[in-house]
Structures are given as structure tokens and as C-alpha cells.
Amino acid sequence: ESQKSIASILQELKYSVELSANQGETLEKLRFNRYDVIVLNEKFDSNSPEENTVYNQLKFMPMSTRRHIFLALIGQNFQTGDHGAAFAKSVNLVVNEKDIPNLKTVLKRSIADNEQFYKVYKESLIKMGKR
């Protein structure tokens, strides 16, 4: 149910949305596609964050690739917008499951902040012909 709600929010923010039913399908999509925004539940298709192979793959992705993806991690024990928790989890944003109704506002602000933060870096890459 929350997956449909999140998909609707991303569509309102003008993103094309792809849903995945399980980790295998998601890993296959990540292998062949580039995504600007990924919203992932820390227990997606698993019993714990440690068993979430999608999260683990994204967490250990080379920074040159990962920097171009805005990754929001949803979980029961996060305080939405906690920068320390986001840093510790190697994501751009953490969201408490109870805050999904406010996700549109939170995502819009956080994605804009992230784009501003990396603006000069990305412009420099383009000028050097590396992107």
C-alpha cells in the first residue's frame, strides 16, 4: 500500500516511476538502468536491513555513480530528515514510515537541497567532459 502512495507522490513530482515486487527484480533493473531518485524501505523484501541486498548494493556502489542518485531510505526507527542517520546509512534522506503522508514535501525540499549541494561539482564534471 505504501508503495502505491510513494509512486503517486513521485509522479506528482514529475518522475517516471518503476515499481519492483522483489529484490531480484530490483537488482536487475539497477543493473541496466540509471535512476535519479530511489525510495527504498530498509526492509524491502527482507526481514531486516542487513538482509536487504538492494540497499547493500546501493550503499556500496562506487561514489562516482552513487552521487547521481538521490536515495531515500524509509524505516520504522528513523526521525525524518535526520542528517546524521542519513550519513550513517549512506543515503541522502531517511524517512520514518509514519511520515509517508508528508513525503511529497520532504522529498521536494531534500532533492532541491541535494541538487544545490552538488551543482558546482556536476557543472565541473561537464566542463571536464566527464559526464
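Analyst: Happy to. A residue counts as buried when its relative accessible area is under 20%, as exposed when it is over 50%, and as partly exposed in between. Please keep in mind that this is a predicted model.

With that cut-off in hand, let's turn to Ser 48. Its relative accessible area is 16%, so Ser 48 is buried. Where does Ser 48 sit in the chain? Ser 48 belongs to the loop that links strand E1 (37-41) to helix H3 (53-59). Which residues does Ser 48 touch, once those up to four places away in sequence are set aside? The partners of Ser 48 are then Glu 42 and Lys 43.

Lys 14 lies in the loop between helix H1 (2-12) and helix H2 (23-32). With a relative accessible area of 73%, Lys 14 is exposed, whereas Ser 48 is buried. The backbone of Lys 14 deserves a glance as well: its phi is positive, about 75°, although Lys 14 is not a glycine. Most residues other than glycine have a negative phi.

Ser 90 also has a positive phi, near 60°, and is likewise a residue other than glycine. You will find Ser 90 in the loop from helix H5 (83-88) to strand E3 (93-96). Ser 90 has a relative accessible area of 34%, so it is partly exposed.

Now for the wider fold. The protein has 6 helices and 3 strands, and from the N terminus on they follow the order α-α-β-α-α-β-α-β-α. How does the radius of gyration relate to that of a compact globule? For 131 residues a compact globule would come out near 14 Å, and the protein has 15 Å, so the two agree. Along the principal axes, the C-alpha atoms fill a box of roughly 45 × 30 × 30 Å.

Ser 48 is buried, and buried residues make up 38% of the 131 residues in the protein. Among contacts with a separation of 6 or more, 48% join residues 24 or more positions apart.

Finally, the surface and the charges. The protein exposes about 8400 Å², and carbon and sulfur atoms supply 50% of that area. There are 19 positive and 16 negative charges, and their mean positions are 8 Å apart.

Note on methods
Residues are numbered from 1 along each chain as its sequence is written. This is a predicted model: local features need pLDDT of at least 70, side-chain atom pairs count only at pLDDT 80 or more; totals for chains, interfaces and linings use all residues. Side-chain values use heavy atoms; hydrogens and water are left out. Helices (H or I, at least four residues) and strands (E, at least two) are DSSP runs, numbered from the N terminus. Buried means under 20% relative accessible area, exposed over 50%, partly exposed in between (1.4 Å probe, protein chains only). Contact means heavy atoms within 4.5 Å. The radius of gyration is taken over C-alpha atoms; the globule rule is 2.2 Å times the number of residues to the power 0.38. Accessible areas come from the Shrake-Rupley method with a 1.4 Å probe; for residues, only the protein chains shown count as cover. Lys and Arg count as positive and Asp and Glu as negative; His and the chain ends are not counted. The place of a charge is taken as NZ of Lys, CZ of Arg, CG of Asp or CD of Glu.
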